[in-house]
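Hello,

Here is the structure you asked for. My notes follow below it.

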Amino acid sequence: MSARIEDRGDRLIVWNGNAEKRGALTPALYEAIAEAMTLAEEPRIRAVILTSEGRFFCAGGDLNVLIERRKLTEEVRRERVDALHDLVRAMRACPVPIIAAIEGGAAGAGLSLALACDMIVACEEAQFTAAYVKAGLVPDAGLTASLARLLPRPLAAEMCLLGRPVMAMRFAELGAVNRICANGKALDEAMMLADTLAAGPRAAQGVIRQLVAQAYETNEADQLDAERDAMARAAGGDEAAEGIAAFLEKRKPRF
């Protein structure tokens, strides 16, 4: 199988199983991620983890597939790219946090998918590469937007124009990676993050991830209004009642 979903009750793990091609994108992976985004609507789900069964998170598009697209019309090629972009949009709209657990590295559209997640855990030897230019291609799946939010412009330009890899530690120093772990331990570290999320207030976390995501594209006045409305709703909810009571009673909240 080139992709599958593992249901752990309070979290979903999407496994990219295309190990023989370093986790290159497949229709099965698209379907698995899309299905996970739908399943994440269930109240029991508190987090989604994206990871790989092989030694590399995702190498991006399969060049053997991409070379065949030269034979298609530009309109059809546009539709194929939109299918990937729809996947990124679905990830952005997910009601629960998404964690990327990265072994080996992420390249091309694989890097785009990793950066579409809310948090990233990477093994110490992982490399992040905007590899498109090496194949005469250009970034897609929101990569330039994600890099612009996370990195200084000179580094984003170097990654995209030269295709040079950036090590996980460097990405972490710039704030683009949340946790660095020993090789082979990325999923374990991601699971610990998911444990923390599972103990928290699901609805509030969903609103927070939306506020954080939109803050990069919204002016301060509109963001203030969005935070006002979100806080007004949250303050009247059951999660706030339990969280405040637990704080005042000096106990752990039961969300």
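**Ring contacts and overall build**

Arg22 lies over the face of Phe56, 3.8 Å from the ring centre. The rule for a charge over a ring is NZ of Lys or CZ of Arg within 6 Å of the ring centre and within 35 degrees of the ring normal.

This is a predicted model: local features need pLDDT of at least 70, side-chain atom pairs count only at pLDDT 80 or more, and totals for chains, interfaces and linings use all residues. Residues are numbered from 1 along each chain as its sequence is written, and side-chain values use heavy atoms, with hydrogens and water left out.

The count of aromatic pairs is one. The rings of Phe128 and Phe171 have centres 4.7 Å apart and planes at 10°, so they are stacked. (Rings of Phe, Tyr and Trp, its six-membered ring, pair if their centres lie within 6.5 Å; planes under 30 degrees apart are stacked, over 60 edge-to-face, the rest tilted.) Phe128 is in strand E7 (residues 127–129) and Phe171 in helix H7 (residues 168–173), so the pair ties together parts 43 residues apart in sequence. Helices (H or I, at least four residues) and strands (E, at least two) are DSSP runs, numbered from the N terminus.

Phe128 is buried, at 0% relative accessibility. Phe171 is buried too, at 1%. Buried means under 20% relative accessible area, exposed over 50%, partly exposed in between (1.4 Å probe, protein chains only).

Now the whole chain. Eleven helices and nine strands make up its secondary structure. Of its 255 residues, 44% are buried. The C-alpha trace spans about 65 × 40 × 35 Å along its principal axes.

Best wishes
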